[in-house]
Amino acid sequence: MTIGAGPRGPGVLVIEPMGNAGRFLVEAADRLGLRLYAATHEDVHDGYPGWLRSALAGVCATDLADTSRALEDMDAFCRHHAVAGVAACFELFTPLAALLAQRLGLPGNDPLLAGAARNKILMGEAFAAAGIPAPRWAVVHDVAGAHQVARSHELGWPLVVKPAEQGGSWGVSVVDGPDRLASAVAAAQQYTYAYPHGLKLDSRALVQEYIPGEEYSCETVVADGVAYPLPVVRKDTTEGRYRIETGHTCPSGLAPPLARRVQHTAARAALAVGVRNGIAHTEVKIPPGTRTPYVIETGARLPGDNLCEIIEAATGVSEAVAYLQAVLGRVPDTAPSATGAAAIRFLLPRRGGVLRQVFIPQTPGTHSELHLRPGDAVPEPADSACRIGHVVACAETVDRARDLADQVAARSRVEVS
């Protein structure tokens with residue numbers, strides 16, 4: 001079924017543009033003069049914000065949880081509207097995007113490998129096959145299996161427990177002893193379906209070796225199998241059981257040779273999970289005293305956390321533009337045109353409850369945005385869903401951008417009752 005179809009012409013179908021990356025794709029399509037179409041569920045489309053509705057040339061309403069039906073509906077839609085490229089915002093739909101691109105004869109990722117960008121078990125197997133440095137891991141079906149892995153002492157302590165399929169740090173925890181394994185496995189296995197689309201998830205859990213060290217991320221655009229590395233970003237997280245991202249900074253502050261090594265490793269990870277015409281967001285850790293980036297995971301999608309904004313503010317590179325160019329079979333624009341710095345800091349609550357008040361000071365060189373409003377429910381601080389808002393700082397140097405963002409975040413007040 002088609003809702004509000006726009007005029008015919010070349011364009012890109014985005015499989016579910018709802019999400020953090022959606023607005024960057026809208027801006028990128030406008031810059032490139034493209035029509036942007038969406039594939040989504042009819043009830044999900046009903047909840048789209050006005051800016052997204054008005055930006056779309058048309059909508060293919062289907063059931064994205066039903067692969068066969070979705071492919072039939074999207075195939076007919078794309079042929080009717082002369083769609084020239086297929087993109088996805090959520091990593092859970094990246095295998096579906098690969099299948100659709102193959103069916104239409106459009107540039108896309110390898111459908112045989114695309115599941116590895118969604119499922120962390122397949123991802124670990126793909127990394128091992130490609131010889132990519134990554135944490136050791138084991139698959140568990142229940143708490144008994146997790147205890148068996150822990151008793152083997154092969155992975156050591158602490159251990160990372162995570163869902164086979166999920167994002168946003170949901171269900172991920174770091175445990176330092178066997179007494180916390182039961183709750184960690186329960187948290188990892190609580191997600192059996194991804195909402196609002198009702199997509200069935202792999203309910204198995206991974207028990208993974210903990211890699212110490214600083215965290216970084218790096219996107220890789222791939223066009224016709226050729227990898228184009230994007231800037232490395234430093235990531236900050238909370239400590240303890242839940243490692244929630246508290247901020248990002250671009251550039252990373254790494255020495256150029258090590259930054260290039262991170263980019264090379266991220267590119268290998270992207271190719272290992274089948275990215276051939278698209279983008280991959282890869283997260284790595286570098287253990288103290290080493291120069292080896294360990295790949296924690298990679299997703300065949302644009303990054304969340306407003307990283308598109310941070311990277312463009314610092315380097316002039318629009319990752320969303322490069323992504324759309326790749327899915328259209330074009331050479332992506334990835335050359336930096338600026339040499340500044342940018343940082344983002346997220347405002348986190350001390351506990352869950354009801355948001356009563358938020359104060360973020362207005363400071364030159366920064367801007368802020370609220371994710372939640374007074375009166376909204378605030379989830380317990382266990383994953384990225386608890387964020388109240390964020391602050392972005394732009395400056396000439398990395399240290400100045402980080403200091404500005406940290407100062408504003410420190411002076412902000414969040415009241416939860």
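How many bridges join β17 to β21, and in which sense do the two strands run? In this predicted model, seven bridges join the pair, and the strands run antiparallel. R345 stands opposite V391 in β21.

Both strands belong to an open sheet of eight strands. The order is β16-β15-β12-β13-β14-β17-β21-β19, with antiparallel pairing. The edges are formed by β16 (294–299) and β19 (366–370), each of which pairs on one side only. From one strand to the next, the twist averages 25°.

H367 has V392 in β21 as its bridge partner.

Helix α10 (residues 307–315) packs on the sheet. The helix touches β12 (214–223), β13 (226–237), β14 (245–250), β15 (278–286), β17 (341–347), β19 and β21. Its direction makes about 155° with that of β17.

Burial of β17 was then examined. Seven of the seven residues of β17 are buried, so the strand is largely enclosed by the rest of the structure. The cut-off for burial is under 20% relative accessible area. A341, A343, R345 and L347 point one way from the strand. A342, I344 and F346 point the other way. Residues of both sets are buried, R345 and F346 among them.

Definitions and conventions:
Residues numbered from 1 in each chain as written. Predicted model: local features only at pLDDT ≥ 70, side-chain atom pairs only at ≥ 80, totals over all residues. Heavy atoms only, no water. Pairing = 2+ DSSP bridges. Helix = DSSP H or I, 4+ residues; strand = E, 2+ residues; numbered from the N terminus. Axes fitted to C-alpha atoms, helices over the stretch in contact; angles between N-to-C directions. Contact = heavy atoms within 4.5 Å. Buried < 20%, exposed > 50% of the residue type's maximum accessible area, 1.4 Å probe, protein only.
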